[in-house]
Amino acid sequence: MNKIALFVCLVSGLCLAIPLVAEVHTTEDSTKSNPSVRQHAVKDFHSYANPGDVRVRHLNLELEVLFGEKILKGIAILSIERVSQNTQAPLILDTRTLNIAKVETSSDGTNYTPTTFTVGSLDKILGAPLTIKLPEKVDRVRINYSTDPGASGVQWLEPSQTAGKKDPFVFTQSESIHARSWIPLQDTPQVRITYTARVRTPRNLLAVMSAENDPRTPRDGDYHFWMPQPIPSYLIALAVGDLSFRSLGRRTGVYAEPPVVDKAAREFSDTEKMIQATERVYGPYRWGRYDLLVLPPSFPYGGMENPRLTFATPTVLAGDKSLVSLVAHELAHSWSGNLVTNATWRDFWLNEGFTVYLERRILEAVYGRPRAEMEAALGRHDLEEELATLDERDQILHIDLTGRDPDAGSTNIPYEKGALFLRHLEETFGRERFDRFLRGYFDHFTFQSITTEEFVDYLKKNLLDKYPQLAARIPVAQWIEEPGIPASAPKPTSPAFARVESEARRWLRNEIPAAKIPAARWTTQEWLHFLNSLPQALDRKKMEELDETFHLTRSGNSEIAFQWLMMSIRNRYEPAYPRLEEFLTSIGRRKFIKPLYEELAKTPEGKERAMAIYRRARPTYHPIAVASVDEVLKWNNP
Ligand code: BES
Ligand code: ZN
């Protein structure tokens, strides 16, 4: 019998029950009846949970969104299954600063009785284990709880921090290990669950989740969601605000605040083309709708691949689609990451390296090879620049993160080194064979979480061993287990970039003035490469000449503005300082603000300015960004 469907019927009302039954069958096909699905647990240093004994299968969440108190308050009902012979084993969940009011268990789904539980001591990185005594036969655990106003995975915004300025906004960010700060769960990516949710909000606001969202749902402050495919906890997401919706195609659309939504719809109008391009190579999109949500500017990331609903920073709305590689990236995660998931955070490159590789393939299909090659060349440049600053242990794809915050693994290594490895495989075996291999990989591991070892086994059996002569050219172990980049790694090149470099050289040698640089038709990527090609030190006259000719300080393109501001700090170019301050106080994307503060902190005067700006900006940043910048500035007097 279909337990999950029955359960959902009971808690979510009739209207949801009928379609769900059909979808849950597909879910069960892909997990329970698939003999290859791993039941054994792998060691995850970033979770207290014991999925080798007890596994959570489904979550039913009921939350009230209390803007006044900045808390989420409600009930999580976990459907669990014992998977070992150890009938004494408790259920151990991950939590961080949750207030647990009551824990009950049930064996019939109706009658609940209180059980004993303990919350362990709080670890700075991991949070605290919630250990729940489980009577035999119990298959439900009900937890009444509320979040802390400072929860690491939740940001509460004042109306002044939104585009509309009238209503508050709240959103979650669960990756890597922040789901535990707003839901008590087995917060390890090796555990996959389905979920249903009911979220109550002020009547005029809309709630959306990483689940099925009906774009036409009436705004009544009472919202229901269901996610029938099993997903890891880091993909559970919620946002609430004054959101409107624009359709982009039959299965895609965009949510954003009313002042932003039309611009967003124009920027993202190629989304359906991107989905089709990905499906042609890697198989069907398996998640129903694909929508985007544009968040207020304090969103700490560029994008987050929450299933069915990518979260995105407004800083990609350049007005000319020049930064939509972000959509390609988050969409690609619908295959690499969301269908096939890293089992632990040391396997993060399986998510991000594969996704950057797919992202470039999507760009190539939709915008042509030259564009994709430019992005690949920029990626390799950033990788090499960062490699020079990283400890050897952090240059390894299969990184050892024991005792460290998994967010520390978020460098260019999993992204760009990972993508370069896959590109090396593609170039060596040929695109046709490699495409077939990757498509088979997504099919084989659909809705599963896998380790690096499992990927390497699969790679060996399904590609390397079939073509031993070609395989001999690729140092697979060196790619995965060693620091640096193998000498045989691909070097993406772009003829357009070569032209940009020669213009940069001519200008630097004073052979031409800036006004003679043929930049009128340069794309954003060519601009970024131009700025990359300049030496670190530029004198005042050169900075001024560039700025007067191309108005870089006023650039509305966030990537160009960011690079220019980095150069301005390095070269003490004061005319850009007001813009720098404005940038740092209006945008909270970590990829931009952390390096800017780092650059400022390199000189005593810069550090002083950084502290003054940060004092004002800190209350507007997301907890995840705050944690990063606090470390950079050694901030300890909030
Ligand atoms: N999944 C990541 C974001 C992430 C990584 C959140 C690690 C928390 C921990 C997302 O897919 C991503 O990679 N975003 C990038 C943008 C992308 C275009 C490279 C970002 O936010 O910069
Ligand atoms: Zn990603």
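Biologist: Which hand does the crossing of H7 and H14 have?
Modeller: This is a predicted model: local features need pLDDT of at least 70, side-chain atom pairs count only at pLDDT 80 or more, and totals for chains, interfaces and linings use all residues. Residues are numbered from 1 along each chain as its sequence is written, chains are lettered from A and ligands numbered from 1 in written order, and side-chain values use heavy atoms, leaving out hydrogens and water. A crossing is left-handed if the near helix is turned anticlockwise from the far one by less than a right angle, and right-handed if clockwise. For H7 and H14 the crossing is left-handed.

Biologist: How is H7 oriented to H14?
Modeller: Helices are DSSP runs (H or I, at least four residues) and strands likewise (E, at least two), numbered from the N terminus. H7 (residues 369–387) and H14 (residues 524–533) pack at about 30°, axes 10 Å apart; axes are lines fitted to C-alpha atoms over the stretch in contact, and angles run from 0 to 180 degrees between N-to-C directions. Under 35 degrees is roughly parallel, over 145 roughly antiparallel, 65 to 115 roughly perpendicular, the rest oblique. That makes H7 to H14 roughly parallel.

Biologist: Which residues of H6 meet H9?
Modeller: Contact means heavy atoms within 4.5 Å. On the H9 side are Arg 431, Phe 434, Asp 435, Leu 438, Tyr 441 and Phe 442. From H6 come Leu 350, Phe 354, Tyr 357, Leu 358, Arg 361 and Glu 364.

Biologist: And how is H6 oriented to H9?
Modeller: H6 (residues 348–367) and H9 (residues 431–444) have axes 14 Å apart, at an angle of about 130°. H6 to H9 is therefore oblique.

Biologist: What coordinates the zinc ion (ligand 2)?
Modeller: Donors are N, O and S atoms within 2.8 Å of the metal (3.2 Å for Na, K and Ca). For this zinc ion they follow the spacing H-x3-H-x18-E. At 1.9 to 2.7 Å, the ion is coordinated by NE2 of His 329, NE2 of His 333, and OE of Glu 352.

Biologist: How far apart in sequence are the parts that His 333 and Glu 352 tie together?
Modeller: His 333 sits in the loop between helix H5 (325–332) and strand S20 (340–342). Glu 352 belongs to helix H6, so the pair ties together parts whose separation is 19 residues.

Biologist: What is phi of Arg 308?
Modeller: Arg 308 lies in the loop between strand S18 (303–304) and strand S19 (309–312). Its phi is positive, near 70°.
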